[in-house]
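Take a look at the structure first.

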Amino acid sequence: EVYFKNLSKQKQKEVMEKNGNNHKLRVCVATCNRADYSKLAPIMFGIKAEPQFFELDVVVLGSHLIDDYGNTYRMIEQDDFDIHTRLHTIVRGEDEAAMVESVGLALVKLPDVLNRLKPDIMIVHGDRFDALALATSAALMNIRILHIEGGEVSGTIDDSIRHAITKLAHYHVCCTRSAEQHLIAMCEDHDRILLAGCPSYDKLLSAKNKDYMSIIRVWLGEDVKTRDYIVALQHPVTTDIKHSIKMFELTLDALISFNKRTLVLFPNVDAGDKEMVRVMRKKGIEHHPNFRAVKHVPFDQFIQLVAHAGCMIGNSSCGVREVGAFGTPVINLGTRQTGRETGENVLHVRDADTQDKILHALQLQFGKQYPCSKIYGDGNAVPRILKFLKSIDLKEPLQKKFCFPPVKDNISQDIDHILETQSALAVDLGGTNLRVAIVSMKGEIVKKYTQLNPKTYEDRLELILKMCVEAASEAVNVNCRILGVGISTGGRVNPREGIVLHSTKLIQEWSSVDLRTPISDALHLPVWVDNDGNCAALAERKFGHGKGVENFVTLITGTGIGGGIVHQHELIHGSSFCAAELGHIVVSLDGPECLCGSQGCIEAYASGIALQREAKKLHDDDLLLVEGMSMKKEETVSAAHLIQAAKLGNTKAESILRTAGTALGLGVVNILHTVNPSLVILSGVLANHYVNAVKDVINRQALSSVKTVDVVVSNLADPALLGAASLVLDYTTRRIY
């Protein structure tokens, strides 16, 4: 709440003036149950924190007011919200008719409340039958509706209700790119769709590091350890009540057999919920020593419980949505969440028809730890929603407009008042510097941070985390949505696990290092790691000369020599992740010694280190400097001095560069004869000095069938950072994790 109080107020003055006389937007938030309040509460705090822009009215109805479900309206009062109206709308019953009667009762009671409040806009969440009554009442009374979490696909009757509310709503806040595309396909107005993420993630992503052991002990007992208990939350499936109750019986039997401490929450108010409670009591769950059965857990505490659980099981949307933020294993039972986007932490048991099947799933999942997933949000949903609310022009016609026919892909990116740039955090670990950048989908480096690369593992990892956190925070200010983190580093890398296997000598204490886990845990973002040469190839494939080319090779000519091979549009890593170590192609059996320990490698001839070595030899023999050159006494001899001397006519310097270019050219010929690319891209600071020599060697030494290969110099200013960004941008947009 303090955070929202500190949000900038000045940016929205124009919209306020447009709405006339600084009119405050009167917002009615209606909450029906514990689940939707967890999503609405962050928005309510944000609205309450800006009284100069908004007036907030809170309406409570549904299961909030039922003792059997914990009288959860009290947590709204505990959050210091004034409840304007309480509506008892639930008709007790155990079949589908009770839900229909509850909708009817709400429709009877709501008009009077809305006539008294006269809100400018009503915020409705989700897909519950109570929410359908709210949306129907508001739409018929010409009240604008903002629908949260529209466009998603799950299962049962919820899909139909959710999409019905979408057609009634005037504005839409969705959580995922797929949900946004579904809304567009449903012909909703693009300018009224906001891809914000799930509001509950704003609280989730800041919650895990708080004191949690006391919460675990309160709900599960003094002797319970983290990752050694289960949270179970299962609801009836209203389109197949009998089967869902049978599945609940099997779940409880499996949990009893699994013999782990388990917190079981009572189900939602739906047809079949009473029968599920009877099943719990029949099996003695409330008195079983391994079980704790509760009607309600406050959301702040529930977050801590699922974040540190060994597993969550059931069919709640919380399991496939929020729990992914912590990497907690989830077993999703049945069809209630069919169609939801999920992280890799979710194991689906679609047809949970035997106790053994569920028990086997528990054995597979319990105690694992998965990478944190941010499919449903990045922790910045509420600022986006508040900005969206402030942009609403009440003078616009109330009548909805539908966009026919279906629109082109990504047309929603034209919404300039909520436009955000999909971006990546790119990290480049060099021998000297550590760099972090925000890189857009188009390859624009929006913001870059540079620090000296520390010498020890601990200091280096601490600095990476610090710089990434700083960049992620800045991304919100520059209107960028961070999709993940890509890391480019020297050495041999296992990209599947995100582990640096062996480092180059230029980076100390950098072998057998797991980079993915600590960075993903800290930032709640997916993380990709790869070798710097491979990253350079990916940068060319996405942004450079390699775009659209099926087979090409990139060679980096810098401090060392590296590269990457793209074959049939895919990067080659090799069986032990050692493919494309192009700098260590041997071109002479008795050549100079390489840093790898071998002799005659390309890197021993053509790298910056090799040229510096030869320059020092000339300088020691007083053969480097020629007319037009000068060096300060304390100045270090470098490859640049050798190149300068050659340009000024130093024949020995020219000979060294010619030999280096020949060695590189022979290496390229070997590559042409091995993988037969159609393009060779030279990258790095020495590329311009070598390109002609490489072409000459190809003309003299290569087979005629490969002499037509194109050899070009990269036009990318920063291939390492762009390649690291490509790791993220390519894979997140393809939904491959």
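## The big picture

This is a predicted model, where local features need pLDDT of at least 70, side-chain atom pairs count only at pLDDT 80 or more, and totals for chains, interfaces and linings use all residues. Numbering starts from 1 along each chain as its sequence is written, and side-chain values use heavy atoms, with hydrogens and water left out.

The C-alpha trace spans about 95 × 65 × 50 Å along its principal axes. There are 25 helices and 26 strands, taken as DSSP runs (helices: H or I, at least four residues; strands: E, at least two) and numbered from the N terminus. Of the 737 residues, 57% are buried; that means under 20% relative accessible area, with exposed being over 50% and partly exposed in between (1.4 Å probe, protein chains only).

## Helix α11

Helix α11 covers residues 241-258, and its 18 residues reach 26 Å from first C-alpha to last, close to the 26 Å expected at 1.5 Å a residue. That expected span is 1.5 Å times one less than the number of residues.

Its buried residues include Ile-241, Ile-245, Phe-248, Leu-252, Leu-255 and Phe-258.

## Two glutamates in loops

Glu-509 sits in the loop between β19 (499-502) and β20 (513-514). It counts as partly exposed because its relative accessibility is 48%.

Glu-550 is in the loop between α19 (532-543) and β22 (552-557). Its relative accessibility is 40%, so Glu-550 is partly exposed too. From Glu-550 to Tyr-376 is 174 residues in sequence and 34 Å in space, C-alpha to C-alpha.
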